[in-house]
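Hi,

Here is the structure I promised to pass on to you. Have a look at it first, and then read my notes below.

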Amino acid sequence: MSTLDYLYAALIGFGILVAIGVVFGVVLAVCEKVFYVKEDTRIDDVQKMLPNANCGACGYPGCRGMAEALVKGEATKVSQCKVGKPDTTYKPIIEYMKEHPDEDGTTHIPTM
Ligand code: SF4
């Protein structure tokens, strides 16, 4: 084999790798659109207001679970979070939930 043959072989290999990369990139882009799961942004916001000790004392697997429960209305008392404080944790979450109803307009406002 001549040097030129090695160069062609290398270019063909490179071309195959680029083609595979493009195909997988397109597949990933399509999958992202098809399987997109819209998540309620309020869960992130409420989680940031919780102490994030992830102790589980509230009965949920962590602060993320508690935030999901508060937003969905499954947790009705913010004081289920044993680590939180009334002024710095509970009241801000209650105020936030008052100001941010569900998309259909219903609100799940927890109590102290
Ligand atoms: S009790 Fe409070 S700090 Fe502990 S996991 Fe539950 S929400 Fe997080």
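Where does N54 lie? You'll find N54 in the loop between α2 and α3. (Helices here are DSSP runs of H or I with at least four residues, strands are runs of E with at least two, and both are numbered from the N terminus.)

Before going further, two bits of housekeeping. Residue numbers start from 1 along each chain, as its sequence is written. Also, this is a predicted model: local features need pLDDT of at least 70, side-chain atom pairs count only at pLDDT 80 or more, and totals for chains, interfaces and linings use all residues.

**The loop**

Back to N54: its phi is near 50 degrees, which is positive even though the residue is not a glycine. N54 counts as partly exposed because it has 15 C-beta neighbours inside 10 Å. (Buried takes 20 or more other C-beta atoms within 10 Å of a residue's own, exposed is 12 or fewer, and partly exposed is in between; the C-beta atoms are placed from the backbone.) N52 is in the loop between α2 (41-49) and α3 (63-72) too. N52 has 13 C-beta neighbours inside 10 Å, so it counts as partly exposed.

**How α2 packs**

Two packed helices are described by the angle between their axes and the distance between the axes. For α2 and α3, the angle is about 125 degrees and the axes are 8 Å apart. (Axes are lines fitted to C-alpha atoms, for helices over the stretch in contact, and angles run from 0 to 180 degrees between N-to-C directions.) That angle makes α2 oblique to α3. (Under 35 degrees is roughly parallel, over 145 roughly antiparallel, 65 to 115 roughly perpendicular, and the rest oblique.) On the α2 side, the contact is made by R42, I43, V46 and Q47, and on the α3 side by C63, R64, A67, E68, L70 and V71. (Contact means C-beta atoms, placed from the backbone, within 7 Å.) Sorted by class, these are six nonpolar, one polar and three charged residues. (Ala, Val, Leu, Ile, Met, Phe, Trp, Tyr, Cys and Pro are nonpolar; Asp, Glu, Lys and Arg are charged; the others, Gly among them, are polar.)

And α4? The axes of α2 and α4 cross at roughly 160 degrees and come within 9 Å, so the two helices are roughly antiparallel to each other. Here D45, V46 and M49 of α2 meet T89, P92, I93 and Y96 of α4. This contact has five nonpolar residues, one polar and one charged.

Helix α4 (residues 86-99) has 14 residues, which should span 20 Å at 1.5 Å a residue; its end C-alpha atoms are 18 Å apart, which agrees. (The expected span is 1.5 Å times one less than the number of residues.) Y90, I93 and M97 of α4 are buried, and what covers the buried residues of α4 includes α2 and α3. E99 also lies in α4, but E99 is exposed, with 9 other C-beta atoms within 10 Å.

Finally, α1 (residues 3-34): this helix has 32 residues and reaches 47 Å from its first C-alpha to its last, close to the expected 46 Å.

Cheers

Note on methods:
Contact = placed C-beta atoms within 7 Å.
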